[in-house]
Amino acid sequence: MTIDQAGTYSFAGRAVKRLGYGAMQLAGPGVFGPPRDHDAALAVLRAAVEAGVNHIDTSDFYGPHVTNRLIREALSPYPDDLLIVTKIGARRGDDASWLPAFAADELARAVEDNLTNLGLETLDVVNLRLMFDVHGPAEGSLATPLRAVADLQRQGLVRHIGLSNVTPTQFEEARDIAEIVGVQNQYNLAHRDDDGFIDALAAEGIAYVPFFPLGGFSPLQSAALSEVAARLDATPMQVALAWLLQRSPNILLIPGTSSVAHLHENLGAASLTLPEDAVAQLNAIGG
């Protein structure tokens, strides 16, 4: 198995392999507190890099502080080709709630926390995570928080800026303020709201990174998905990831897991090619 079969895409000036790793699940239940098994979390991170992953997605509000400290412990000093992408714009309440953190001082503190806990002097990519609605994109001007992030970029603390949980309208507003290298929104076989957005970004050579590519807290379940998987001698999750890889060349995947075995299963999607009839069958799930 090699993830090179999935190819690469230009993201933040790098040739990034299209199968990466999302660190969110390394934190405790509800993405809050420490992992159930500290050593197992370190093992997953090391196994991902050993398998060729060069794109890891994280945030200092995972835990909070948990996943970044694990990444640093497991992988620092970092491989030269490793792109670590983090996000800011939210914070965690004492009750594990997800709260907006859009003020300039909150964004600056979030960047500093990410730098400290990752052990970096500059963050490769910072996604501004909009919180007008915790559960999905909602309209509202992002100008004020994005200008604050752009100021941190001018200070040399951030190399590249991306957006998360955004609408196409907000993306266009953002481009008048800063160069945007990628969009990270929810998208998977069953959640297809961004179909047109993905195609528009692809036409401009901008990366799209779907979060919850396997359904997130409610894993994808579909008779059609199971049927295609059985026919191709693959797992349903491998088929769901392979569908995303074939959906558009600008899609970069960051499936998360706290298990080395599940990590290798996910990465196995790189070698899976879906025939046209299977793609048509899967397309109907989100129809």
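Predicted model: local features only at pLDDT ≥ 70, side-chain atom pairs only at ≥ 80, totals over all residues.
A cavity, in the sense used here, is a set of grid points where a 1.4 Å probe fits but cannot get out.

Strands of a sheet pair through backbone hydrogen bonds, either parallel or antiparallel. In this model, seven strands form an open sheet, and reading across it gives the order E3-E4-E5-E8-E9-E10-E11, with parallel pairing. Strand E3 (21-22) and strand E11 (207-208) stand at the edges, and each has a single partner strand, so one side of each is left without a neighbour in the sheet.

Moving inwards, strand E8 covers residues 123-129, and seven of its seven residues are buried. On one side, E8 pairs with strand E5 (residues 83-88) in the parallel sense, over four bridges. Within this pairing, isoleucine 88 stands opposite leucine 128 of E8. E8 is also joined to strand E9 (residues 158-164), in this case by six bridges, and these two strands again run parallel.

E9 itself is mostly covered, as five of its seven residues are buried. From E9 the chain passes through helix H5 (residues 168-175) to E10, and this β-α-β crossover is right-handed too. E9 and strand E10 (residues 180-184) pair in the parallel sense, with three bridges between them.

Empty space comes next. Rolling a probe the size of a water molecule over the atoms shows where empty space is left. The structure holds one cavity of 30 Å³ or more, and the volume of the largest cavity is about 40 Å³. Its lining is made up of Phe11, His55, Val85, Asn127, Gly182, Val183, Gln184 and Val209. Which strand gives the most to this lining? E10 does, with three residues. Sorted by class, the lining of the largest cavity has four nonpolar residues, four polar ones and no charged ones.

The second largest pocket holds about 230 Å³ of space. It is lined by 16 residues, and those closest to its centre are Ala90, Arg91, Glu106, Ala110 and Asp113. E5, strand E6 (90-92) and helix H3 (104-118) each supply at least two residues of this lining, and H3 gives the most, with five residues. By class, the lining of this pocket has six nonpolar, three polar and seven charged residues.

Two loop residues complete the tour. Serine 59 is found in the loop between strand E4 (55-57) and helix H2 (66-75). Is serine 59 buried or exposed? Its relative accessibility is 0%, so serine 59 counts as buried. The side chain of serine 59 reaches the backbone nitrogen of phenylalanine 61 at 3.1 Å. Glycine 93 sits in another loop, the one between E6 and strand E7 (98-100). Glycine 93 is buried because its relative accessible area is 8%, and the cut-off for buried is under 20%. The C-alpha atom of glycine 93 is separated by 10.0 Å from that of phenylalanine 32, a residue 61 positions away along the chain.

Technical notes
Residues numbered from 1 in each chain as written. Heavy atoms only, no water. Buried < 20%, exposed > 50% of the residue type's maximum accessible area, 1.4 Å probe, protein only. Pairing = 2+ DSSP bridges. 1 Å grid on protein atoms, 1.4 Å probe; cavity = no way out; pocket = protein on both sides within 12 Å on 5 of 7 lines; lining within 4 Å. Points joined across faces, edges and corners; volume = space filled by probe spheres on them. Nonpolar A, V, L, I, M, F, W, Y, C, P; charged D, E, K, R; others polar. Polar contact = N/O pair within 3.5 Å; in protein donor to acceptor, adjacent residues only side chain to side chain. Right-handed = clockwise from strand over helix to strand, strands pointing away.
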